[in-house]
Amino acid sequence: MGTVVDAAAKKEANGSLADLNPTVVFVLGGPGSGKGTQCANVVQHFGYTHLSAGDLLRAEIKSGSENGTMISNMIKEGKIVPSEVTIKLLQQAMLESGNDKFLIDGFPRNEENRAAFEAVTKIEPSFVLFFDCSEEEMERRLLGRNQGREDDNIETIRKRFNVFLESSLPVIDYYNSKGKVRKIDAGRPVEEVYESVKAIFAPKNEKVMGHCHALMKCLILFWM
Ligand SMILES: Nc1ncnc2c1ncn2[C@@H]1O[C@H](COP(=O)(O)OP(=O)(O)O)[C@@H](O)[C@H]1O
Ligand SMILES: Nc1ccn([C@@H]2O[C@H](COP(=O)(O)OP(=O)(O)O)[C@@H](O)[C@H]2O)c(=O)n1
Ligand SMILES: [Mg+2]
């Protein structure tokens, strides 16, 4: 933070990202709404790289970084880590991926995340996928997640729900007012949710071809 070397590295990273002109989809939704699960499906079928902000922060703790203790404490409390830390990790991961299509999962989680990402990277998301799920269902899923996460306990889960309502929903409202939100009913089984997700990512010409085939079938039936 603040050194000449850091500033140069930041400039270099931004320059390269701007050159990349990446396609970015933000994947948002409450804790346990199924963001990670559905992103894995999209990666397999649509060639995106999945970047989970939470996973990047957890990897940063494990790496022994100087920010590790601060990040760990924030996650245990369900609080949102300062944007500059998370954005730096996202930028690095984007540049290292060799891809130009990204699902950014769990980010932006508050207004500070959103505004800072826009200011630093100049990237506008193509759209925002919003997994809408009841707290009751999310709580059930988080308590059954079994990934040994320090924040999947009832006390921290309640805090994360509050942060989601107070800080993350306004970000979704912001993108909604720009017509960018694609809302998915995420309370259904995984396969059903993915059917809705797939329909959003399927290339337009595939949808048009689907309509053409249906029309051809009707015409053939009509002439028979
Ligand atoms: N549609 C679903 N129905 C039931 N369980 C689900 C569904 N989607 C995900 N899960 C499970 O719920 C837990 C949380 O899912 P995850 O994808 O990690 O959510 P998020 O990244 O939004 O916190 C995981 O144990 C996952 O296997
Ligand atoms: N943009 C983000 C994303 C996550 N985080 C932190 O990481 C925690 C876990 O995020 P996550 O996305 O892995 O959690 P889930 O929504 O997947 O359950 C959050 O509760 C925050 O403490 C953050 O500070 N900033
Ligand atoms: Mg997740």
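This is a predicted model: local features need pLDDT of at least 70, side-chain atom pairs count only at pLDDT 80 or more; totals for chains, interfaces and linings use all residues.
1. Asn-113 is buried, because 24 other C-beta atoms lie within 10 Å; a residue is called buried if 20 or more other C-beta atoms lie within 10 Å of its own, exposed if 12 or fewer, and partly exposed in between, with C-beta atoms placed from the backbone. Asn-113 belongs to helix H6 (residues 111-121); helices (H or I, at least four residues) and strands (E, at least two) are DSSP runs, numbered from the N terminus. The UniProt annotation "binding site", from an unreviewed entry, covers Asn-113; UniProt positions are given in the numbering used here, feature names are shortened, and annotations may be inferred rather than shown by experiment. Apart from neighbours within four places in sequence, Asn-113 is in contact with Ile-80, Ser-83, Thr-86, Phe-107 and Pro-108; contact requires that the C-beta atoms of two residues, placed from the backbone, lie within 7 Å.

2. Residues are numbered from 1 along each chain as its sequence is written, and chains are lettered from A and ligands numbered from 1 in the order in which they are written.

3. As to the overall fold, the protein has ten helices and five strands. Of its 224 residues, 28% count as buried. Among contacts in the protein with a separation of 6 or more, 81% are between residues 24 or more positions apart.

4. For "binding site", the unreviewed UniProt entry also lists Arg-58, Lys-79, Ile-80, Val-81, Gly-106, Phe-107, Pro-108, Arg-109, Arg-149 and Arg-160. Arg-109 is in the loop between E3 and H6 and counts as buried because it has 21 C-beta neighbours inside 10 Å. Residues up to four places away in sequence aside, Arg-109 touches Ile-80, Ser-167 and Ser-168. Arg-160 lies in helix H8 and is likewise buried, with 22 other C-beta atoms within 10 Å. With the same exclusion of residues up to four places away, Arg-160 touches Pro-31, Gly-78 and Asp-151.

5. Around ligand 2 there are 21 residues, of which Pro-31, Ala-53, Gly-54, Val-81 and Gly-106 come nearest; a residue is near a molecule if its C-beta atom, placed from the backbone, lies within 6 Å of it. Helix H2 (35-46), helix H3 (53-62) and helix H4 (68-76) each supply at least two residues of this shell, and H3 gives the largest share, three residues. The shell comprises eight nonpolar, eight polar and five charged residues. Here Ala, Val, Leu, Ile, Met, Phe, Trp, Tyr, Cys and Pro count as nonpolar, Asp, Glu, Lys and Arg as charged, and the others, Gly among them, as polar.

6. The largest nonpolar core has 39 residues, and those with the most contacts inside it are Phe-26, Val-27, Leu-90, Leu-103, Ile-104 and Leu-129. Strand E1 (residues 23-29) contributes the largest share of this core, five residues. A nonpolar core is a set of buried Ala, Val, Leu, Ile, Met, Phe, Trp, Tyr and Cys residues joined through C-beta atoms within 7 Å. Not counting residues up to four places away in sequence, Phe-26 touches Ile-104, Phe-107, Pro-108, Pro-125 and Val-128.

7. A cis peptide bond, with omega about 0 degrees, joins Phe-107 and Pro-108. Pro-108 is placed in the loop between strand E3 (101-105) and H6.

8. Helix H5 (residues 83-97) has 15 residues, which at 1.5 Å a residue should span 21 Å; its end C-alpha atoms are 21 Å apart, so the two values agree. The expected span is 1.5 Å times one less than the number of residues. The buried residues of H5 are Ser-83, Thr-86, Ile-87, Leu-89, Leu-90, Gln-91 and Met-94. Gly-98, with a positive phi near 75 degrees, follows H5.

9. Two residues other than glycine with positive phi deserve mention. Lys-122, with phi near 65 degrees, lies in the loop between H6 and strand E4 (127-132) and counts as exposed, since it has 11 C-beta neighbours inside 10 Å. Asn-146, with phi of about 55 degrees, is in the loop between helix H7 (135-143) and helix H8 (154-177); Asn-146 is exposed, with 7 other C-beta atoms within 10 Å.
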